[in-house]
Amino acid sequence: MATNEDLFKKIISHSKEYGYVFPSSEIYDGLSAVYDYGPFGVELKNNIKEFWWKSMVQYHENIVGLDSAIFMHPTVWKASGHVDAFSDPMIDNKDSKKRYRADVLVEDNVQKIEDKIQKEVEKARQRFGETFDEQMYRTTNPRVMENQAKIDTIKKRFYASLEKNDLADVKALIEELGIVCPVSGTKNWTDVRQFNLMFSTQMGSVNEDANEIFLRPETAQGIFVNFLNVQKSARMKIPFGIAQIGKAFRNEIVARQFLFRMREFEQMEMQFFVKPGEELEWFSYWKQERMKWHLSLGIPAEKYRFHDHDKLAHYANAATDIEFEFPIGFKEIEGIHSRTDFDLSAHQKFSGRKIQYFDQEKNEGFVPYVVETSIGLDRTFLAVLSNAYREEKLEDGSERVVLSLPAILAPIKVAILPLIKKDGLPEKAREIMDVLKYRYRCFYEEKDTIGRRYRRMDALGTPYGITIDHQTLQDNTVTIRDRDTMLQERIPVDGISEILGKKIAPIS
Ligand code: ATP
């Protein structure tokens, strides 16, 4: 898949210049894979959270919210399997001293072969035109079949080695595939080792009875340990869900992809509790629902795809990723997993408490099964931002950078712009803003020419601009300018709020 490093760099620098995202502790040269959200970034992030929360909690009677603490009892992470198994296989190149995830090296290699197949398929599609039968071609063309067989062999061996924790074989596979370090270009690899991704710290005074505790690597466990509290206090009946938005921390091995892979990030997760046996039906329900949500952000469907897992985690009986085409290629933005009763049963065992749902009709208790939807807030932010970023050449030959953010998510909804800084126009503009600001996030600006102010608002992603001119003083009308079309229309001051309300309504 084509990557676009150049575009990615532009988006990163645009985010900084326009107050969306800053490197953490920048005056000390930053902290690797940690970022701060600036004045407009925090607004966009909050709007995404609200959009998700509403679609989950407000629009579903059977989903309720939770905000559990980041610190949890250390046994939680024993029960969940994170202490023993939340690790990635890592490998170092001895020449460049760069560290990689062994699984990513192998997967990238597989991707290259897949790209070759795809190229071949596209060529054939052009050659055969409308009569082209892709399935038939894939199963009969010798070159494609040979490459597909290669992929299958690599995957089979790789997943089997990981399963057995046979890290020597993972290294052997990397060597046999001839994978080189992208920096040094050599195959001088260290052995593969497992690296646990959880951050730990001490709770209590350091010497006496200090306990090692972890910064949560996912928000889900806070939901599982509160299952009974929530179910009982909110009187929930199965099937029902618990949603949560919060920080998660992972000491990622390779973290150099801006908001895509951070060491401190935010997740928006929902665990949906169902009767055993019904989980696969709910899994496919949530798969479709979540894709609809992504499309409701106004991002074209071809930017998304499902990636069903070949290798299931030990706790899952079905899993898929929704992938988004970031400037760095198609990558996971959300995971949907059918987690069986793994988590609740494990907590039942480790805590010694009964964690069950009582079925009134059958007069018996059972441990519910769980379907999880887990989306990265920061990755969604990056998806929205990279989809919105555009460089346009205008008819008059000039250029503009515009962030075509969906109005519902835009940090600032409307710019209030007096045409000039005198003749009573600023006063009139302030008067209008004083009414609008209680309903919409407004931005007042009177400095610079109106053209420059429009450009700045375009680059910031503000969908509408209200311009107050001399005519406003005569007939109480203003112009409203659309960021994307740049068209302006004249509307009465009294109608601004309602007109904006209609324009900003969520995409359905
Ligand atoms: P990956 O394979 O990319 O490491 P994952 O499969 O480990 O991701 P999950 O554990 O399923 O991810 O987490 C759910 C979601 O949380 C992901 O789809 C992603 O959007 C987000 N996420 C996970 N790790 C990070 C990270 N380091 N930085 C930003 N977002 C993340």
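In the predicted model described here, an oxygen atom of the ligand is placed 2.6 Å from an N or O atom in the side chain of Glu-332, a polar contact in the sense of a pair of N or O atoms within 3.5 Å. Of the ligand's own accessible area, which is 600 Å² when the ligand is taken alone, the protein buries 85%; such areas come from the Shrake-Rupley method with a 1.4 Å probe, and for residues only the protein chains shown count as cover. Two further pairs were found: a nitrogen atom of the ligand lies 2.8 Å from a polar backbone atom of Met-262, and an oxygen atom of the ligand lies 3.3 Å from an N or O atom in the side chain of Gln-267.

Because the model is predicted, local features need pLDDT of at least 70 and side-chain atom pairs count only at pLDDT 80 or more, whereas totals for chains, interfaces and linings use all residues. Residues are numbered from 1 along each chain as its sequence is written, and side-chain values use heavy atoms, with hydrogens and water left out.

The shell around the ligand holds 17 residues, of which Glu-252, Arg-261, Met-262, Glu-332 and Ile-333 come nearest; a residue is near a molecule if one of its heavy atoms lies within 4 Å of it. By class, this shell has 5 nonpolar, 5 polar and 7 charged residues, where Asp, Glu, Lys and Arg count as charged, Ala, Val, Leu, Ile, Met, Phe, Trp, Tyr, Cys and Pro as nonpolar, and the others, Gly among them, as polar. At least two shell residues are supplied by each of the strands β10 (264-274), β13 (329-340) and β16 (369-376), and β13 gives the most, with 5 residues. Strands (E, at least two residues) and helices (H or I, at least four) are DSSP runs, numbered from the N terminus.

Elsewhere in the chain, Ala-388 lies in helix α13 (residues 377-388), and Ala-388 counts as buried because its relative accessibility is 0%, the limit for buried being under 20%. Leaving aside residues up to four places away in sequence, Ala-388 touches Val-402, Leu-403, Ser-404 and Leu-405, contact meaning heavy atoms within 4.5 Å.

For the protein chain as a whole, 17 helices and 23 strands were assigned, and 50% of the 508 residues count as buried. The chain is divided into domain 1 (1-70 + 212-402), domain 2 (87-196) and domain 3 (412-503), with bounds from an automatic or database domain assignment.

Key
Polar contact = N/O pair within 3.5 Å; in protein donor to acceptor, adjacent residues only side chain to side chain. Buried < 20%, exposed > 50% of the residue type's maximum accessible area, 1.4 Å probe, protein only.
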